[in-house]
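Subject: Structure handover

Hi,

Here is the structure I promised to pass on. Please open it first, then read my notes beside it.

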Amino acid sequence: MSAPNSREELLRFLRELDRRLEAEVVLVCFGGTALTLLGAKETSMDIDVIVSGFRDLEAFFDVYFRTVNEMHLVQDNHPPFTTFSGGDVQINDFMEKAVPFKIDGLTHISVFTFNLVDILL
């Protein structure tokens with residue numbers, strides 16, 4: 001298996017990641033991931049997220065990649081994920097247009113996405 005091959009599998013990954021986290025984090029989903037969550041696309045080749053609000057990003061990525069590996073979401077020894085956590089990408093640049101996306105069962109992860117028009121433009 002590579003990237004989650006359905007919306008349900010993507011949701012299963014996010015729920016499993018949430019279960020393993022001990023602190024809160026904000027994930028802003030964009031690209032194919034946002035389209036998949038919104039039901040406009042069956043699946044995506046990878047998971048595109050911007051990470052914010054986690055006190056210890058190293059600890060977050062440890063949990064993130066352990067979850068990826070244990071769920072066998074690895075392709076050619078590389079997780080199929082695009083993740084931004086700083087540098088030139090600033091969360092505030094995206095939060096102005098981001099909208100909350102409710103996923104039942106999440107207690108540590110707040111998920112945001114965009115309106116379809118914002119994604120496609």
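Start with Phe-65. It counts as partly exposed, because its relative accessibility is 32%. One thing to keep in mind throughout: this is a predicted model.

Which ring does Phe-65 stack with? Its partner is Phe-61. The two centres are 6.0 Å apart, and the planes make an angle of 25°. Both residues belong to helix H3. They are four residues apart, about one turn of that helix. Is Phe-61 buried or partly exposed? Phe-61 counts as buried, because its relative accessibility is 19% and the limit for buried is under 20%.

Phe-61 has another ring partner, Tyr-64. This pair is edge-to-face, with 85° between the planes. The centres are 6.0 Å apart. Phe-61 and Tyr-64 sit three residues apart in helix H3, so about one helical turn separates them. Both are buried.

A word on how to read these values. A pair of aromatic rings is described by the distance of the centres and the angle of the planes.

How many aromatic pairs does the structure hold? There are six. Ring pairs also build a cluster, which links Phe-13, Phe-60, Phe-61, Tyr-64 and Phe-65.

Next, the nonpolar cores.

Phe-13 and Phe-60 come up again here. They are among the residues with the most contacts inside the largest nonpolar core, along with Leu-17 and Leu-27. That core has 27 residues. Which elements supply at least two residues each? They are helix H1 (7-20), strand S1 (25-29), strand S2 (47-52), helix H3 (57-70) and strand S5 (109-113). There is also a second, separate core. It has eight residues, including Ala-34, Ile-50, Ala-98 and Phe-112.

Now look at Phe-60 by itself. Leave out residues up to four places away in sequence. What does Phe-60 touch then? The list is Leu-17, Leu-21, Val-25, Leu-27, Val-51 and Phe-54.

Now the charged side chains.

A search of the whole structure finds five salt bridges. Begin with Glu-16. This residue is buried, because its relative accessible area is 18%. Glu-16 forms a salt bridge with Arg-19, and the closest N and O atoms are 2.5 Å apart. The two are three residues apart in helix H1, so about one helical turn lies between them. Is Arg-19 buried or exposed? Arg-19 is exposed, because its relative accessible area is 58%.

Glu-16 also meets Arg-20 in a salt bridge. Here the N to O distance is 2.7 Å. Glu-16 and Arg-20 are four residues apart in helix H1, so they too are separated by about one helical turn. Arg-20 is partly exposed, because its relative accessible area is 21%.

Asp-62 is partly exposed, with a relative accessible area of 43%. Arg-66 is partly exposed too, at 37% relative accessibility. Which residues do shared partners join into one network? Glu-16, Arg-19, Arg-20 and Glu-70 are joined by salt bridges in this way.

First, Ala-23. Find it in the loop between H1 and S1. Ala-23 counts as buried, because its relative accessibility is 11%. Beyond residues up to four places away in sequence, Ala-23 touches Phe-54, Arg-55 and His-108.

Second, Leu-116. Its place is in helix H5 (residues 116-120). Leu-116 counts as partly exposed, because its relative accessibility is 38%. Setting aside neighbours within four places in sequence, Leu-116 is in contact with Leu-35, Leu-38 and Ala-40. Take Ala-40 as a check. Leu-116 and Ala-40 are 76 residues apart in sequence. In space they are 8.2 Å apart, C-alpha to C-alpha.

Best wishes

Notes
Residues are numbered from 1 along each chain as its sequence is written. This is a predicted model: local features need pLDDT of at least 70, side-chain atom pairs count only at pLDDT 80 or more; totals for chains, interfaces and linings use all residues. Side-chain values use heavy atoms; hydrogens and water are left out. A nonpolar core is a set of buried Ala, Val, Leu, Ile, Met, Phe, Trp, Tyr and Cys residues joined through side-chain atoms within 4.5 Å. Buried means under 20% relative accessible area, exposed over 50%, partly exposed in between (1.4 Å probe, protein chains only). Contact means heavy atoms within 4.5 Å. A salt bridge is a side-chain nitrogen of Lys or Arg within 4 Å of a carboxyl oxygen of Asp or Glu. Rings of Phe, Tyr and Trp (its six-membered ring) pair if their centres lie within 6.5 Å; planes under 30 degrees apart count as stacked, over 60 as edge-to-face and the rest as tilted.
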